[in-house]
Amino acid sequence: MTIARMTTSRRRLLGTAAALPVLGLAAPAIAQSGPLKVGMITTLSGPGAALGNDIRDGFNLVVKNAGGRLGGVPVEVVVADDALRPENGRAIAERMVRRERIQVLTGIVFSNVMLAAAPVILPAATYISANAGPSQLAGEGCNANYFNAAWQNDNLHEAVGQYVTQKGLRRAFLIAPNYPAGRDALTGFKRFFKGEVVSETYTRLDQLDYAAELAAVRAAAPDAVYIFLPGGLGINFIKQYAAAGLRARTPLFGPGFSFDQDVLPAVGDDALGCFNSSQWALDLPLPANRQFVDTFEAEYKRLPSLYASQGYDVALLIGSAIAATRGRVGDRAAFAAAVKKADFQSVRGSFKFGNNNHPIQNIYMREVVKDAQGRVVNRTIATAFEAHQDAYAAQCKLPA
Amino acid sequence: MTATLFVEQTLNGLQFGVMLFLMAAGLTLIFGIMDVINLAHGSLYMAGAFVGATITARTGSFTLGVLAGAAAGALIALILELTIIRRLYARDHLDQVLATYALILTFNEGVKVLWGPAPIFLSAPAALAGTIEVLPGIPYPTYRLVVIAAGIGAALFLGWLIGRTRAGMLIRAGTTNRETVQALGVDVGLLFALVFAVGGALAGLAGVMAGPILAVQVGMGEQILILAFVVVVVGGLGSVRGAMAGALLVGLTDTWARALLPTLLRGLLPPASADQVAANLGSVAVYLLMAVVLAVRPQGLFPRHA
């Protein structure tokens with residue numbers, strides 16, 4: 001199945017590449033300098049490959065729907081795989097920014113890659129994040145040329161903390177891997193959770209069997225279990241949680257990362273009834289979102305994930321800024337000002353940037369259910385936060 | 001600490017222990033009889049898991065998948081012995097480590113080519129998907145109980161094979177004094193191939209049984225291989241009895257450390273740092289156990305030259 005999917009997407013990529021020169025000819029005004037290049041550094045291999053794959057596909061969908069253009073200007077999306085290695089991300093950034101002179105970049109999935117590449121990118125180009133939102137770039141270290149159009153890393157965890165408190169669930173059992181992002185995630189949850197933390201359990205980052213932790217959960221009998229276990233870790237945990245018979249006893253919560261379309265098909269029915277947070281949802285009743293979900297499914301024969309929605313939104317955002325500056329992305333102050341206006345129809349609905357160039361947006365709670373066609377999907381059940389801003393914005397010196 | 005938690009964590013430790021035993025039994029026999037360090041033993045575990053997952057998906061029968069996984073482990077082990085390992089018997093351990101490490105890389109890339117890089121998530125068969133009340137008020141996943149039973153079954157079979165059959169007698173003789181067995185005219189080549197195949201079958205069985213609990217993915221063998229080596233060292237090289245004792249000890253230590261340390265440390269430290277210290281200590285508990293055993297009984301718990 002994976003092999004088949006790889007082949008089709010490669011063929012599509014070749015098709016897109018072949019179509020680009022033709023589109024360039026159709027736009028004589030820009031033809032002398034070739035299409036405007038947008039750099040996409042993302043993770044396309046290894047355990048995080050599904051995330052980068054969805055961001056790229058979401059982004060490319062906007063370009064394709066507009067006939068190879070963003071903001072009316074023909075563009076070429078230059079994609080490179082960082083394989084989740086910070087040193088690769090930095091080397092690719094150097095190549096794109098210094099050699100190819102690309103001035104608009106996006107796509108990095110993981111915060112450690114982002115932090116390695118930022119010092120190379122930001123002095124020379126504008127970066128608009130479609131995923132990674134490390135706190136280092138949101139507070140004192142914020143930057144006029146760095147935007148995040150997805151979320152600050154803590155946001156989705158904060159939303160669950162808030163929702164669990166609202167629901168009157170008093171005793172929470174928290175589980176995350178023992179590494180910086182795992183500890184940050186639980187800090188984010190605790191920032192808005194007002195009840196008692198029964199246990200803060202840190203597991204090995206390579207751990208795949210959670211039997212001991214599940215037994216501890218059963219013995220503690222909490223009101224809620226919160227997990228931040230990215231990728232395959234989460235898949236194993238959710239399956240084992242169901243197998244241990246805990247799903248019927250204690251509701252399981254997590255950020256949307258552990259419960260979206262990149263993992264739900266693999267987990268299947270075991271994820272039903274779990275709650276998770278996201279700034280976007282498949283069923284948000286907005287015309288822009290309906291169009292996104294329908295065209296994505298028609299193009300790629302699968303449902304989009306939140307990562308795909310983020311890639312799609314970043315493409316729309318970049319398009320809006322290109323249109324406002326008439327393609328003169330080299331005037332960085334003007335381009336950044338145009339990006340900051342966020343003059344685009346986000347698939348998540350209301351969206352604007354705070355002073356630190358990070359989102360002010362709603363965060364929704366979703367429940368995993370079966371849809372009419374028997375697919376395991378998310379249904380929006382509540383709004384945890386309206387117009388939520390991250391905790392670091394006050395430390396940023398940039399003007400609003 | 002409640003009785004529920006005690007029973008459940010003990011079962012968890014047993015389940016992890018029998019999985020480790022299936023891996024360690026082959027490893028310790030191969031090391032004990034042929035004096036070969038076979039790092040590629042984890043690859044047999046991975047191969048068993050992938051073949052088992054494929055057959056389960058094709059036929060819809062998990063039982064067939066388990067049999068196919070074990071058979072694949074045995075067959076691949078046999079082919080490896082006949083083509084590559086056989087040339088390594090006379091070499092020193094460093095050459096063996098190098099050659100079998102190369103096999104790990106080859107197997108991992110081969111599996112990527114055949115099955116792709118994405119993990120396969122197996123589900124336990126529907127009949128074993130729920131929980132059983134092992135004691136009143138203590139539900140436990142049925143599938144994990146089946147794993148424990150299968151592991152004990154495999155241990156009994158191995159005990160019979162080694163203790164009661166002629167082939168087993170030769171294996172025991174081989175671990176004690178290989179040269180004498182050779183001098184008595186026993187077909188050592190055949191014996192070695194048999195041991196390798198049995199070890200491979202157990203590793204393949206472990207791999208496919210692990211499938212529904214963990215995930216079937218490239219590199220899954222290396223993770224368990226390291227712990228299997230710890231088991232072999234703790235139990236004593238070449239001793240199947242030692243492998244059983246070592247496996248259960250390691251399985252229970254790992255599970256108990258993860259289960260108990262947070263509660264214990266919360267009495268001594270503030271909660272946040274207690275959880276942090278517990279996580280760090282829990283992940284090294286098994287190696288502390290090994291260090292203690294090495295200090296007290298350098299030959300392991302059941303040394304072969306008793």
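At what angle do helix α2 and helix α3 of chain B pack, and how far apart are their axes? In this predicted model, local features need pLDDT of at least 70 and side-chain atom pairs count only at pLDDT 80 or more, while totals for chains, interfaces and linings use all residues. Residues are numbered from 1 along each chain as its sequence is written, with chains lettered from A and ligands numbered from 1 in the order in which they are written.

Helix α2 (residues 41-59) and helix α3 (residues 62-83) of chain B pack at about 145°, and their axes are 7 Å apart. Helices here are DSSP runs (H or I, at least four residues) and strands likewise (E, at least two), numbered from the N terminus; axes are lines fitted to C-alpha atoms, for helices over the stretch in contact, with angles from 0 to 180 degrees between N-to-C directions. Residues in contact have C-beta atoms, placed from the backbone, within 7 Å. Contributors to this contact include B:Gly48, B:Gly52 and B:Ile55 of α2(B), together with B:Phe62, B:Gly69 and B:Ile76 of α3(B). The contact residues comprise 14 nonpolar, seven polar and no charged, where Ala, Val, Leu, Ile, Met, Phe, Trp, Tyr, Cys and Pro count as nonpolar, Asp, Glu, Lys and Arg as charged, and the others, Gly among them, as polar.

Between the chains, 30 residues of chain B are in contact with 26 residues of chain A. On the chain B side, α1 (3-34), β2 (138-141), α10 (240-266) and α11 (271-282) each give two or more residues. That side divides into 17 nonpolar, ten polar and three charged residues.

In chain A, A:Phe257 sits in the loop between β10 (252-255) and α10 (264-267).

Terms used:
Contact = placed C-beta atoms within 7 Å.
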